[in-house]
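User: I am new to this structure and would like to go through it step by step. Could you show it to me before I ask about its parts?

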Amino acid sequence: MKRRTFLVGTALAGTGALVVGFRVWDASFDRAARRLVETRRSHLLAGWVLIDEDDAVTVLTPGVDVGQGAQTALAMMLAEELDADWAKVRAEHAPADEAFADRFLVEGYVLKGQSLGVLQGAANMIFAEVARFMSLQMTGGSTAVAFTGQYGLRVVGAAAREMLLSAAATRLGADVRELETSDGTVVHRPSGRVLRYGALAAAAAREAVPARPRLKPRDRYTLVGRSVPRLDIPSKVTGALRYGIDMVLPDMRYAAVQSAPVHGGCLLHVDPKPALAIKQVERVVPLVGAVAVVARNYWAACKGLAALSPTYSDGGNGGVSSDLIFERQLQALNTNSGKIDVTIGDVGATFTRNGVRIATAEYRVPFLAHAPIEPINATAQFKDGRLTVWTGDRDPLASRMAVARAIGLSSADVAFHALPCGGCFGARSVKNSAADIYLAHAAEIARVMSPFPVKMIRCREEDFTQDAFRPQLMSRIRGAVDPQGKLVAWEQIYIAGAPSLATAFDIPYSVPNKSIRSVTVPHHVRIGSWRSVNSSQHAFWAESFIDELAHAGGTDPYASRRAALAEGSREQRVLEAVAKASNWGAPLPVGVGRGIALAPSFGTIVAEVIEASWANGGAPQVHRVVAAVDCGDIVHPDTAEQQVEGAIIMGLSAALHEEITIRNGHVTQSSFPDYPVLKLAEIPEIEVHFVRSGAPLGGLGEVGLPPVVPALTNALFAATGRRIRRLPICNV
Amino acid sequence: MLEVTVNGTRHAIGSDADTPLLWVLRDELRLTGTKFGCGIGACGACTVMVNGEAVRSCSIPIQSTNHAEIVTIEGLAAMAGGTSRLSAVQSAWISHQIPQCGYCQPGMIMAVTALLAKKPSPTDADIDAAITNICRCGTYPRVRRAVRALAGT
């Protein structure tokens with residue numbers, strides 16, 4: 001790390017106890033934060049919690065609501081330590097301002113102490129991931145609860161509680177040791193006097209923030225660990241919640257946009273007249289690699305856009321196809337020795353050893369689209385030299401910087417409002433999914449239309465074709481098992497996926513000789529992070545191959561995996577749990593097969609078993625999915641289950657149907673009819689079981705996805721003897 | 001001048017006759033609870049009720065709904081007739097904690113409301129056939145559970 005050492009917390013080896021605290025409070029940030037959120041009757045404590053004089057508690061969260069329920073979980077973690085009255089707690093996004101950067105993920109308020117080196121294994125991987133989020137308000141990497149909650153808002157709650165206690169002690173002239181907190185009040189035990197938090201808020205906000213507040217022991221939790229109703233749900237069933245696309249401003253204009261079909265292409269020519277001839281159309285705006293039509297309503301803008309015949313360059317990529325990309329990747333696998341990720345022992349010598357059984361396989365995965373149901377959109381207004389942007393975005397500070405750069409303003413002249421997102425799955429981020437492109441479009445349209453605000457919406461076809469996809473990739477693996485069926489060599493080369501510090505290439509199994517290498521093969525198609533990022537393909541490759549080795553060696557796929565895991569490890573326990581819950585080994589109806597897969601990701605370990613069948617001439621049928629999940633502890637069991645369930649469905653959808661292909665340089669698919677995603681009728685029975693290991697909190701939003709795909713293809717192999725090495729399954 | 005009744009209120013419509021009902025609701029009447037998802041009737045996020053039928057409002061021009069009775073997510077509780085702020089389907093959506101991102105749920109709720117109005121006790125096959133809305137978050141298992149509970153099956 002180039003910047004000065006940042007510290008996010010220290011897990012004390014052995015005890016699992018956590019030392020957390022605040023760094024020296026930065027007064028300038030504190031003043032800025034107060035200015036942004038305080039009102040006459042509400043007071044900001046410890047930087048992130050507003051207490052109103054009428055006792056309402058508002059938890060400011062640095063992440064955004066993309067549907068994962070983290071707002072509720074984060075508010076619970078803070079409220080637990082604060083001893084707040086849960087009925088009076090709500091959660092709100094913190095403003096997109098540096099004063100509310102997610103310093104819990106980064107250098108700021110959290111801790112002095114040891115360097116990252118003290119953390120081991122999975123935890124270390126996540127802490128590396130955390131480094132990506134420095135000075136950001138990033139929602140992603142399954143970090144909200146595991147980091148922002150665990151190392152941040154929990155500590156804020158404890159600090160705010162101590163500030164309230166201190167204010168109460170002064171008010172009552174009492175010793176702080178005689179005071180207790182409960183349900184949003186401070187109680188003076190000797191006298192029985194009770195002070196409401198609301199009555200103490202103004203005084204408490206002036207107290208010094210304690211450097212190292214005391215945290216509750218886990219066994220005294222009364223809120224965390226309970227499935228309280230999610231705070232965000234009521235407004236989502238009445239239609240009242242305003243997403244980015246619901247932005248309405250006085251005199252607002254509407255823009256429809258069309259981009260060069262070949263990513264990276266430029267707009268060569270457009271005659272605006274046919275669009276301007278349409279009623280309500282006001283302007284045709286040429287953009288970098290795109291053209292927009294602005295009208296008094298969105299339908300007129302769409303009609304105007306359809307009337308245009310723009311021409312675009314293809315950046316020299318008009319001959320590229322999915323097949324060509326695979327061809328180049330295959331060449332790279334054959335000729336390039338790649339970057340070494342792991343090398344242990346001597347794989348070469350092992351393959352020549354007498355008696356070993358060798359297998360080789362090659363796997364391919366397609367580009368995948370995010371396809372959130374709310375299409376990409378952004379509203380922007382350029383007025384008096386300042387730009388204001390309203391959009392669903394999971395990294396608002398980075399987006400503010402990007403949009404400022406695009407339009408030649410300083411960040412200080414850009415106000416950025418991150419609104420709730422109608423689905424995310426890896427999209428809506430400058431760093432991870434090319435949000436800078438559409439944000440720059442929205443900003444430029446607003447500049448041209450100044451002073452009117454303009455809401456730009458990508459139509460569904462544009463949303464699909466201009467997405468930043470989970471990349472199309474391939475990998476080849478050669479493995480060897482000894483005569484006893486023990487895995488003795490693993491040699492893998494793969495095409496590198498989306499940039500991410502969350503490494504996904506390694507396998508959880510012990511193998512004395514291992515070599516894993518990666519090769520980068522650039523192409524013009526935009527790629528980005530897609531739910532579970534690189535784990536989405538690596539789990540398919542590794543868990544398919546380990547299954548192939550088991551079948552080749554005539555061993556049971558569960559038993560051979562179990563034997564290759566460290567005895568008593570979390571991975572082994574999760575695998576055992578899923579085998580038990582799925583009744584592994586019990587007889588199945590004729591034609592039904594069972595498949596198993598294990599994938600640790602984002603600090604959480606998940607194993608899944610799928611029962612599936614595939615009748616001749618028919619479509620594959622998924623009957624049952626059983627998951628076992630070890631994410632350490634669980635803040636909100638119902639949301640946890642929901643996240644795993646949703647990820648399983650998204651994984652099944654990808655495995656069965658989803659594929660973006662490239663022809664003549666451009667994306668072939670354009671909407672749900674040619675990019676079908678799973679619907680209700682195809683949903684199998686899903687069971688999620690949690691293994692409570694007490695390990696540090698792991699992520700939950702993405703972790704259910706990686707094992708699904710190989711568990712399904714392994715089940716179909718068990719059912720039919722047909723091994724699927726190329727996705728989606730519908731192409732087989 | 002075209003005219004429609006939305007959630008019990010009559011509106012004279014200024015939008016062009018070919019404007020899809022969805023954009024009239026959202027851009028002219030400012031009823032943003034009805035969502036744009038695909039524009040071709042494939043995802044169901046824009047589902048509303050037109051004369052009691054579930055209709056994908058992105059694919060029906062306003063002129064073909066002239067004089068129709070339209071109910072959107074904003075008018076669902078009132079249509080149910082009770083004094084509650086929520087309809088039975090909306091309440092079930094809360095008790096089953098269904099929404100994740102929530103964006104597709106107004107359409108999902110409208111589709112389920114229309115189904116239950118026609119078939120108060122739908123079979124699983126009825127549910128599969130009628131509820132073809134897309135939820136990318138994967139709330140489907142809970143949707144099925146809630147519909148079964150509402151149907152008393």
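User: How many bridges join strand 3 of chain B to strand 4 of chain B?

Analyst: This is a predicted model, in which local features need pLDDT of at least 70, side-chain atom pairs count only at pLDDT 80 or more, and totals for chains, interfaces and linings use all residues. Residues are numbered from 1 along each chain as its sequence is written, while chains are lettered from A and ligands numbered from 1 in the order in which they are written. Strands are DSSP runs of E with at least two residues, and helices are runs of H or I with at least four, both numbered from the N terminus; two strands pair if DSSP finds at least two bridges between them. Strand 3 (residues 47–50) and strand 4 (residues 53–56) of chain B run antiparallel, and the bridges joining them number four.

User: Which residue takes a positive phi in the hairpin of strand 3 of chain B and strand 4 of chain B?

Analyst: Within this pairing, Met49(B) stands opposite Ala54(B) of strand 4. The hairpin has two residues between the strands, and the positive phi, near 50°, belongs to Asn51(B).

User: What distance separates the centres of domain 1 of chain B and domain 2 of chain B?

Analyst: Chain B is divided into domain 1 (2–76) and domain 2 (83–151), with bounds that come from an automatic or database domain assignment. Taken over C-alpha atoms, the centres of the two domains of chain B are separated by 20 Å.

User: How many residues of chain A are in contact with chain B?

Analyst: Two residues are in contact if their C-beta atoms, placed from the backbone, lie within 7 Å. Chain B contributes 44 residues to this contact, and the number from chain A is 48.
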